[in-house]
Amino acid sequence: DTMRRVVRQSKFRHVFGQAVKNDQCYDDIRVSRVTWDSSFCAVNPRFVAIIVDASGGGAFLVLPLHKTGRIDKSYPTVCGHTGPVLDIDWCPHNDQVIASGSEDCTVMVWQIPENGLTLSLTEPVVVLEGHSKRVGIVAWHPTARNVLLSAGCDNAIIIWNVGTGEALINLDDMHVDMIYNVSWNRNGSLICTASKDKKVRVIDPRKQEIVAEKEKTHEGARPMRAIFLADGNIFTTGFSRMSERQLALWNPKNMEEPIALHEMDTSNGVLLPFYDPDTNIIYLCGKGDSSIRYFEITDESPYVHYLNTFSSKEPQRGMGFMPKRGLDVNKCEIARFFKLHERKCEPIIMTVPRKSDLFQDDLYPDTAGPEAALEAEEWFEGKNADPLLISLKHGYIPGKNRDLKVVKKNILDNKPTGNKKSDLINAPKKAADASNPQNDAKLDEILKELKSIKDTISNQDERISKLEQQMAKIGD
């Protein structure tokens with residue numbers, strides 16, 4: 001019996017990774033060179049989005065998955081930010097909606113056309129303003145529609161209702177130092193954060209209270225990461241005092257000692273964890289490493305079991321991780337990564353070798369589907385719901401996404417003037433009578449501003465035509 005126990009039984013012991021052929025990569029992409037520890041890449045069953053270098057602002061590419069090969073320099077980008085983009089995240093409930101956080105202190109939410117971009121996109125569906133410093137983290141709620149979290153270098157976490165464009169929760173006094181990452185739990189009732197003060201905090205965002213915290217989760221000074229697992233435990237990566245990379249497993253109900261703690265190596269790249277709740281496998285991609293290591297989490301000692309390492313020659317600048325419904329179940333693919341090099345994006349496919357061609361239901365338990373379990377309002381009122389699951393037996397067929405509509409609440413609704421939005425709809429005459437002086441002043445101001453902009457433009461036009469005449473003379 002002891003001999004049998006030496007080699008642990010696991011269907012994932014032989015998972016192997018393989019990079020796709022060259023013609024299936026995305027080539028000639030200028031991947032962002034910003035020094036920020038986010039993954040720079042986000043993928044879903046339709047698109048791959050990659051943060052790129054942009055002069056005088058921030059931009060990211062959105063490519064339909066099938067658009068492989070060389071990407072033309074003039075390919076349209078999403079480029080509404082005035083500073084570099086630091087993080088992007090696809091909405092789990094709408095494959096055409098993506099959020100971006102930027103150095104310009106704003107979060108923007110974008111609607112991508114169904115077949116991808118034909119022109120550069122400069123108009124977001126909504127701009128979320130509330131951070132006073134750059135926004136380095138954006139993360140959608142896993143089960144509630146239109147709920148988005150952002151975290152900035154102002155050490156604040158804001159939770160937005162994207163459908164109304166409002167900040168509904170502002171956690172601005174819980175972190176005294178930079179927030180390295182934020183992770184939602186499975187049903188989105190809690191978040192956990194890793195911060196520069198070496199603490200991991202478990203927070204109930206709606207009660208605005210810290211439920212658990214651990215000081216010196218990892219002793220080293222370099223950046224940590226903390227993510228929730230499906231069973232409610234927390235997995236962290238960080239550094240020891242001797243600068244060795246570590247990974248650890250914690251029970252939030254008792255954070256005194258880790259359930260497991262492993263030392264890995266002395267490389268200095270931050271380990272980005274990617275977690276698959278269906279198989280309980282964690283993939284660790286170090287920034288600047290050229291390998292992906294993967295581990296299975298179980299409830300028997302040593303709890304975190306090393307499976308294997310996928311190695312390649314080139315270091316990774318960032319990494320995208322495909323949701324389960326975007327994988328090819330016929331090829332027993334259990335994970336797909338999109339590895340960023342300096343000038344290209346290379347998909348890496350992880351498969352479990354099986355002899356049979358039949359659907360392997362042990363590899364593909366029902367997985368989180370694209371339908372939201374709750375509306376934003378229900379979640380903000382205190383309801384919780386687990387993800388709505390779908391079967392992958394016949395592969396995932398993307399449905400039609402509904403457009404993201406933002407209904408801006410009228411700021412005047414809260415003031416006791418006779419100017420409620422409903423009044424405006426029902427009784428336009430009455431609203432016109434009750435126009436208040438404050439509004440008139442505002443309107444005058446806007447008209448003046450418009451006039452001055454028009455004047456400026458006509459002046460510039462004159463200047464340009466003069467300059468053109470001078471150029472023509474010089475040319476003659």
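How far apart do the end C-alpha atoms of residues 78-120 lie, and what share of the span is helix or strand? I looked this up in a predicted model. The end C-alpha atoms of residues 78-120 are 6 Å apart, and the span is 51% strand and 0% helix.

**Entry 1. Annotated repeats**

I took the boundaries of that span from the record. The unreviewed UniProt entry places the annotation "repeat: WD" on residues 78-120, 128-170 and 172-213. I then turned to one of the other spans, residues 172-213. For residues 172-213 I noted 50% strand and 0% helix, with the end C-alpha atoms 17 Å apart.

**Entry 2. Sheet E3-E4-E5-E7**

I traced an open sheet of four strands, ordered E3-E4-E5-E7 and paired in antiparallel fashion. Its edges are strand E3 (41-43) and strand E7 (78-81), each of which pairs on one side only. From one strand to the next, the twist averages 20°. I next examined the contact between E3 and strand E4 (residues 47-52): the two run antiparallel and are joined by three bridges. Within this pairing, Ala-42 has Ala-49 in E4 as its bridge partner.

**Entry 3. Sheet E8-E9-E10-E11**

I found an open sheet with the strand order E8-E9-E10-E11, again four strands with antiparallel pairing. The edge strands here are E8 and strand E11 (126-129), and each pairs on one side only. The twist in this sheet averages 20° from one strand to the next. E9 and strand E10 (residues 106-111) run antiparallel, with five bridges between them. I recorded that Ile-98 stands opposite Trp-110 in E10.

**Entry 4. Salt bridges**

How many salt bridges does the structure hold? I noted a total of 22 salt bridges, and I followed several of them individually.

I began with Arg-325 and Asp-95, which form a salt bridge whose closest N and O atoms are 2.9 Å apart. Arg-325 sits in the loop between strand E28 (318-321) and strand E29 (333-340), while Asp-95 sits in the loop between strand E8 (85-90) and strand E9 (97-102); the pair therefore ties together parts that are 230 residues apart in sequence. I checked the accessibility of each partner. Arg-325 has a relative accessible area of 5% and is buried. Asp-95 is also buried, at 2% relative accessibility. Both classifications follow because buried means under 20% relative accessible area.

I then looked at Asp-289 and Arg-245, whose salt bridge has its closest N and O atoms 2.6 Å apart. Asp-289 lies in the loop between strand E25 (281-286) and strand E26 (291-297), and Arg-245 lies in strand E22 (residues 245-250), so this pair ties together parts 44 residues apart in sequence. I found both Asp-289 and Arg-245 to be buried.

For Asp-197 and Arg-201, I recorded a salt bridge between the side chains at 2.6 Å, N to O. Is Asp-197 buried or partly exposed? Asp-197 is partly exposed, with a relative accessible area of 22%, whereas Arg-201 is buried, with a relative accessible area of 3%.

I also noted a network of salt bridges that links Asp-28, Arg-70, Lys-73 and Arg-343.

**Entry 5. Asp-204**

I located Asp-204 in strand E18 (residues 200-204). Asp-204 counts as buried, at 13% relative accessibility. I also looked up its separation from Ile-191: the C-alpha atoms of Asp-204 and Ile-191 are 6.6 Å from each other, and the residues are 13 apart along the chain.

**Entry 6. The annotated coiled coil and a nonpolar patch**

I returned to the record for a further annotation. The unreviewed UniProt entry assigns "coiled-coil region" to residues 443-470. In the model, residues 443-470 are 100% helix and 0% strand, and their end C-alpha atoms lie 41 Å apart.

Which residues form a nonpolar patch on the surface? I listed Leu-443, Ile-446, Leu-447 and Leu-450, which together have about 380 Å² of accessible area. I then looked up one of these residues, Ile-446, and found its place in helix H5 (residues 437-475). Ile-446 counts as partly exposed, at 45% relative accessibility.

Technical notes
Residues numbered from 1 in each chain as written. Predicted model: local features only at pLDDT ≥ 70, side-chain atom pairs only at ≥ 80, totals over all residues. Heavy atoms only, no water. UniProt positions renumbered as here; feature names shortened; annotations may be inferred. Salt bridge = Lys/Arg side-chain N within 4 Å of Asp/Glu carboxyl O. Buried < 20%, exposed > 50% of the residue type's maximum accessible area, 1.4 Å probe, protein only. Pairing = 2+ DSSP bridges. Axes fitted to C-alpha atoms, helices over the stretch in contact; angles between N-to-C directions. Patch = residues over 30% accessible without salt bridge, like charges linked within 9 Å, V, L, I, M, F, W, Y side chains within 5 Å. Areas by Shrake-Rupley, 256 points an atom, 1.4 Å probe, with all protein chains shown as cover.
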